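This briefing covers a pocket, the domains and a sheet, in that order. The sequence and the structure come first.

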Amino acid sequence: MKKLTILCDADDTIQELTVHWLAELNRKYNYNVKKEDVTSWDITKAYPELTPDEVLEPLYSNEFWSKTTPIDGSSYYLEKLVKDGHRILIVTASNPETFGAKTKKLMEMFPFLSKEQIIREDNKQRIMGDILIDDGVHNLIGGRYKKFLFNQPNNSKFNEQEYDITRVYSWKDIYERISNLVA
Ligand SMILES: [Mg+2]
């Protein structure tokens, strides 16, 4: 079986970000925005009365990152991919200020990963790998890797077929597709 280098996004691909982010803003500013309402990458559009700084503020809090949770099935299937012999690299665009807290939480949620496997990088196209799994279309377009778009409301309007990108719907779906690729 072929062994792959699998690049994998963190936010909203292996860990829930948007649900916690919205919960924080909804609580603080008394809104009721739901994840399904956020159908573009720019979350500030969901809070037109708030300033961009107010919307982004939670992302600069270490405590906020300590409260994030794994996406359904991500830990189980990532560990299965590791056991199958693949090399996993988590590639995340992150604020340097909170990257430590985020890494710490990721290592708690995914204890089979080491800190060397968690990379902060804004331009993911610079990283070499066989596949990138990501919910952000801007990370997939132009990359030399095979592209799996993790289905989320923020990318629901994107036509992945125009870009040779495969939309994936769950971690079970991802695991089965990768297993088929290397069989
Ligand atoms: Mg993401």
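In this predicted model, the lining of the largest pocket takes at least three residues from each of domain 1 (5–16 + 69–182) and domain 2 (18–66); the domain bounds come from an automatic or database domain assignment. Local features need pLDDT of at least 70 and side-chain atom pairs pLDDT 80 or more, while totals for chains, interfaces and linings use all residues. Residues are numbered from 1 along each chain as its sequence is written, and side-chain values use heavy atoms, with hydrogens and water left out.

**Largest pocket**
- The largest pocket holds about 660 Å³ of space, a volume being the space filled by probe spheres set on grid points joined across faces, edges and corners.
- Among its 32 lining residues, Asp-11, Leu-17, Trp-21, Trp-41 and Leu-59 are the closest to the centre.
- A pocket is an open set of points on a 1 Å grid over the protein atoms alone, where a 1.4 Å probe fits, with protein on both sides within 12 Å along at least five of seven lines; lining residues have an atom within 4 Å of a point.
- Two or more lining residues come from each of α1 (18–29), α5 (96–109) and α6 (137–140), and α5 gives the most, with three.
- By class, the lining has 12 nonpolar, 10 polar and 10 charged residues; Ala, Val, Leu, Ile, Met, Phe, Trp, Tyr, Cys and Pro count as nonpolar, Asp, Glu, Lys and Arg as charged, and the others, Gly among them, as polar.

**Domains**
- The centres of domain 1 and domain 2, taken over C-alpha atoms, are 22 Å apart.
- In domain 1, 19 residues are in contact with 15 residues of domain 2 (heavy atoms within 4.5 Å).

**Sheet**
- Six strands, paired in parallel, form an open sheet in the order β5-β4-β1-β6-β7-β8; strands are DSSP E runs of at least two residues, helices H or I runs of at least four, numbered from the N terminus.
- β5 (118–120) and β8 (166–168) are at the edges with a single partner strand each, so one side of each has no neighbour in the sheet.
- Strand β1 (residues 5–8) is joined to the parallel strand β4 (residues 87–92) by four bridges, pairing being at least two DSSP bridges between strands.
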